[in-house]
Protein chains: 2
Amino acid sequence: MSKKEALLKAAENKVRLGGYSNFSFRELACEVGIKSASVHYHFPTKADLGAELAHQYTDSFLAALGEPSELKASGKNPIDVYTQLFRRALVTDKKMCLCGLLGAESDSLPDKVRLEVKRFFNQNLTWLSAAHLTNGEPNPAQAAIQTVSLLEGAMMISKTLDDNSYFELATQ
Amino acid sequence: MSKKEALLKAAENKVRLGGYSNFSFRELACEVGIKSASVHYHFPTKADLGAELAHQYTDSFLAALGEPSELKASGKNPIDVYTQLFRRALVTDKKMCLCGLLGAESDSLPDKVRLEVKRFFNQNLTWLSAAHLTNGEPNPAQAAIQTVSLLEGAMMISKTLDDNSYFELATQ
DNA sequence: GTAAAATTATCGACCAGTAGGTAGTTATTT
DNA sequence: AAATAACTACCTACTGGTCGATAATTTTAC
């Protein structure tokens, strides 16, 4: 793993626990074994780092999902696959969804970071609409926003109350 | 309004836009017209201020709801009343739910603040369970966590995408 | 084939600004 | 006299960011 990748990974862990202001260049640098000045070589500003982090997070999230039509074709319910990805983030990583947390503090984010968080939700809503459509839902757009809202909310409350059974109950 | 009340009000605005780290004693002091050192007279530490803020937020939130049984008795659906309170926070205040934002960054909060955020959700779940029970829901506890999850999630996404129609679609 | 030039990735030293917090003082009110 | 509510002045720690320097590597030119 390159230093740049290591920096992004370290930043992801911090942001998913406490938001955009929960990481500093010094901390990240220390964790990957370089000096804080060197972080600016890879990311000119903190906003650049945050934006690239959210962009990559979105890409790998969507990539992990696959295509709704293909999931359906192989006998899976794409909504279950989507739910599973959130469950994994909560249970395995024991952390919030990166863009869920950043979205909540959206108003105080640098423009280029906020833009990437918007991109995450737009792409998720598109994916979910397609998924609900293949499921024969009468109103796919409505089902899509309800699905992602429920999951983000359940995740946040389970984290807050430190009890994953709330997530299970909400998604059951 | 006393200085102390004004400080809490100013802090609430800041936190609801960008989380716990989005306010400083200096900013608050400046906004209410005192010096930052004087803020420590009212709140010894930042954690004390944050905890009292979350505590009062919870109390006034619950007070604004009223009792589920009384709402039902006066011909209202308590879940609609609950939804309206969230809608007002989003549409009128144009801000996140204080405890929704703090809950997301729960892991990085001082203990006494996190405790107050937990109290918010525990009290909300109790209220919602009672409300769903009076509505004759077969599983009030499940309906309760689903209601609050959907609302917190829809609120966050509507804020992120800067479009309240997502909230309307999700709650419709 | 090699010398010169450019690129990559790092460093130490430093900057102005801000953070939360403390000590001791002063004025006002009870 | 005592409690309340503010002040000035200061502290240490940390923030994101900039500067010029330095090796090591890679590319280009002759």
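**Exercise 1. Charge pairs between the protein chains**

Task: State how many salt bridges the rule finds across the interface of chain B and chain A in this predicted model, and examine one of them.

Solution. 
Step 1. The rule finds two salt bridges across the interface of chain B and chain A.
Step 2. Take the pair A:Asp107 and B:Lys159. Their closest N and O atoms are 2.6 Å apart.
Step 3. Apply the cut-off: a side-chain nitrogen of Lys or Arg must lie within 4 Å of a carboxyl oxygen of Asp or Glu. The pair A:Asp107 and B:Lys159 forms a salt bridge.

**Exercise 2. The extent of the protein interface**

Task: Describe the interface of chain B and chain A by its polar contacts, its elements, its residue classes and its buried area.

Solution. 
Step 1. Count polar contacts. The rule finds 13 residue pairs in polar contact across the interface, both residues being at pLDDT 80 or more.
Step 2. Locate the elements on chain B. Five helices of chain B each give two or more residues to the side that touches chain A: H1 (3-18), H7 (98-104), H8 (111-134), H9 (140-161) and H10 (165-171).
Step 3. H9(B) gives the most, with 15 residues.
Step 4. Sort by class. The side of chain B that touches chain A holds 18 nonpolar, 14 polar and seven charged residues.
Step 5. Count residues in contact. On chain B there are 39, and they meet 37 residues of chain A.

**Exercise 3. The surface near DNA strand D**

Task: Work out which residues and elements surround DNA strand D, and where the phosphate oxygens are approached.

Solution. 
Step 1. Count the neighbours. DNA strand D is surrounded by 15 residues. The closest are B:Lys3, B:Lys35, B:Ser38, B:Tyr41 and B:His42.
Step 2. Of the atoms of DNA strand D within 4 Å of the protein, 57% belong to sugar and phosphate.
Step 3. Check phosphate oxygens against chain B. B:Lys35 places a backbone N or O atom 2.6 Å from one. B:His42 has a side-chain N or O atom 2.6 Å from a phosphate oxygen.
Step 4. Do likewise for chain A. A polar side-chain atom of A:Ser24 lies 3.1 Å from a phosphate oxygen of DNA strand D.
Step 5. Assign elements. H2 (25-32) and H3 (36-42) of chain A, and H3 (36-42) of chain B, each supply at least two residues of this surface. H3(B) has the largest share, four residues.
Step 6. Sort by class. The surface near DNA strand D has six nonpolar, five polar and four charged residues.

Notes: Residues numbered from 1 in each chain as written. Chains lettered and ligands numbered in written order. Predicted model: local features only at pLDDT ≥ 70, side-chain atom pairs only at ≥ 80, totals over all residues. Heavy atoms only, no water. Contact = heavy atoms within 4.5 Å. Buried area = accessible area lost by both parts, 1.4 Å probe. Polar contact = N/O pair within 3.5 Å; in protein donor to acceptor, adjacent residues only side chain to side chain. Nonpolar A, V, L, I, M, F, W, Y, C, P; charged D, E, K, R; others polar. Near = heavy atom within 4 Å.
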